[in-house]
Amino acid sequence: MKNRIRVLRAEKKWTQEDLAEAIGVSRQTINAIEKEKFDPSLPTAFRIANLFECTIEDIFQFGELNS
């Protein structure tokens with residue numbers, strides 16, 4: 001699943017570790033999500049969206065639906 005996490009994180013000057021701690025996951029999880037190797041659970045996606053004060057749809061794009 002495509003996402004904008006790396007861009008949003010960079011805008012706030014946060015490391016992967018900073019983001020991971022803020023939402024309660026490992027840095028490796030953030031890395032895997034950013035590299036599109038892992039899709040976050042719905043609760044994790046909501047925590048990310050809430051932290052960046054935007055909607056899930058603003059961050060994640062599911063395959064061909066948004067092409």
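Select Ile-59 and show the residues around it. Leaving aside neighbours within four places in sequence, Ile-59 is in contact with Lys-2, Asn-3, Arg-4, Ile-5, Leu-8, Ile-48, Ala-49, Phe-52 and Cys-54; contact means heavy atoms within 4.5 Å. This is a predicted model, in which local features need pLDDT of at least 70 and side-chain atom pairs count only at pLDDT 80 or more, while totals for chains, interfaces and linings use all residues. Residues are numbered from 1 along each chain as its sequence is written, and side-chain values use heavy atoms, with hydrogens and water left out.

Ile-59 lies in helix α5. Helices are DSSP runs (H or I, at least four residues), numbered from the N terminus. Ile-59 is buried, at a relative accessible area of 0%. Buried means under 20% relative accessible area, exposed over 50%, and partly exposed in between (1.4 Å probe, protein chains only).

Next, select Ile-5. Beyond four places in sequence, its contacts are Leu-19, Ile-33, Glu-34, Ile-48, Ile-59 and Phe-60.

Colour the core next. The largest nonpolar core has 14 residues, and those touching the most other members are Ile-5, Leu-19, Ile-48, Phe-52, Ile-59 and Phe-60. At least two core residues come from each of α1 (5–11), α2 (16–23), α3 (27–34), α4 (42–51) and α5 (56–59). A nonpolar core is a set of buried Ala, Val, Leu, Ile, Met, Phe, Trp, Tyr and Cys residues joined through side-chain atoms within 4.5 Å.

Show α2 and α4 together. Their axes (lines fitted to C-alpha atoms over the stretch in contact, with angles from 0 to 180 degrees between N-to-C directions) come within 10 Å and cross at roughly 110°. The two helices are therefore roughly perpendicular, a term for angles of 65 to 115 degrees. Leu-19, Ala-22 and Ile-23 of α2 meet Thr-44, Arg-47, Ile-48 and Leu-51 of α4.

Stay on α2 and select Gln-16. Gln-16 counts as buried, at 14% relative accessibility. Its side chain makes a polar contact of 3.2 Å with that of Arg-27; such a contact is a pair of N or O atoms within 3.5 Å, where one must be able to donate a hydrogen and the other to accept it.

Finish at two loops. Glu-36, between α3 and α4, has a positive phi near 60° and is partly exposed at 38%. Glu-53, between α4 and α5, has a positive phi near 55° and is exposed at 73%.

Methods: Angles under 35 degrees count as roughly parallel, over 145 as roughly antiparallel, 65 to 115 as roughly perpendicular and the rest as oblique.
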